[in-house]
Amino acid sequence: MRDVFLTDAELVCGFGFGKKAAQEAVFRGETAFSPITRFPAENFACREASTVPGLECTGEESLCRPMVGFLAATVRDLPDDTPLLLASTVGEIDRLSPDRPDTLHSLLGTVLREFRKRNGCIVSAACASTNAALDRAYRMIALGIADRVIVAACDLVSEFTFSGFSSLGAMSAERPRPYDRDRSGLFLGEAAGVLVLSAQRNGEQPIRLTGTGMSGDAQHITAPRSDGKMLACAIRAALAGTEPEQIGGILGHGTGTLYNDNMEIEAIRAVFGDEIPLASVKGNCGHALGASGMVQTVLALEVLRRGELFPQAGLRIPEQGAEKMVSPSVQPLRGPRVLSLNSGFGGLNTALVLEGLE
């Protein structure tokens, strides 16, 4: 098995174009929520989301294209036969119509054109899509199938997804508070990003992807297994020989819904006990669906560089069992490795471990 390194990354999210803006904002505890203007929201209890500044409907062009075009500079110089994995839940859903029913392949076409690459594959695993794509890329490189793999992700705040989450009762009328005792639901966000994984170590800040894990609850289409047992299985698979004590902190899925956060806290306690630093970026810039793992991975680079975990936005009173995990202040990491978790509809669970190298 070969080592796998993360050699380049870029991000667009509610904090704007460029990873640095998001990395700095979350450490300051800032949020990126604003009133929705893309579609009528007055009939929803929730009327805010984290949308990319300046990204508004302009006609036929998808809202994804400006984000993807910005990301393209990171990978255009790579060989055109570099494998590309595209993570997304609904693709260019803003272009959905009877003449354009397949919004995932529509987005893949946009990405391939902008990135100037020949072939790509869609990885659509609900809100675990990015981590699932990283799992596949990791195995492709570790097993010698490819020397380099591009992982891209993109999902939008649209009326389609907004009304869907609202109908499930998952949305909150007030700002999201992941891992808080009195949390009441999530806010949506949008993001697009790109990661380059390689068998060769290079880049200004070398990061190694040391392990990945996936599991399935096989229980319910939207509700997670309450005991967190299968997420714990994914975590143990991702550790891949790394002792739990060697994980310095966790970037959690942390949607701010009652069931997700309880399940996740149970899984973390089963593997690590109840004193490991934990935070979710969804309190800062919302739930970006299949691009959630992309936001977390790009933020993990800054977490490892600083040796600190960003404060938990929205936190007032920690949920029972998480009192020694989450904090409204910056927390020092316990070591040079971080765990990133994502779960998705259908009972999907994913975990990956990133290690900062000197």
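The hairpin of β14 and β15 has 3 residues between its strands, and Gly346 there takes a positive phi near 90 degrees. Helices (DSSP H or I runs of at least four residues) and strands (E runs of at least two) are numbered from the N terminus. This is a predicted model, in which local features need pLDDT of at least 70, side-chain atom pairs count only at pLDDT 80 or more, and totals for chains, interfaces and linings use all residues. Residues are numbered from 1 along each chain as its sequence is written, and side-chain values use heavy atoms, leaving out hydrogens and water.

**Around β15**
- β14 and β15 run antiparallel, joined by 8 bridges; strands pair if DSSP finds at least two bridges between them.
- Ser340 has Leu352 in β15 as its bridge partner.
- β15 also pairs with β9 (residues 207–216) in the antiparallel sense, over 9 bridges, and here Ile207 stands opposite Gly356.
- Because 7 of its 9 residues are buried, β15 is largely enclosed by the rest of the structure; buried means under 20% relative accessible area with a 1.4 Å probe, protein chains only.

**The largest pocket**
- Its volume is about 490 Å³, and of its 29 lining residues the closest to the centre are Thr222, Pro224, Thr257, Asn260 and Phe345.
- A pocket here is an open set of points on a 1 Å grid over the protein atoms alone, where a 1.4 Å probe fits, with protein on both sides within 12 Å along at least five of seven lines; lining residues have an atom within 4 Å of a point.
- α7 (258–272), β14 (337–344) and β15 (348–356) each supply at least two lining residues, and α7 gives the most, with 4.

Methods. Grid points are joined across faces, edges and corners, and a volume is the space filled by probe spheres set on the points. Buried means under 20% relative accessible area, exposed over 50%, partly exposed in between (1.4 Å probe, protein chains only).
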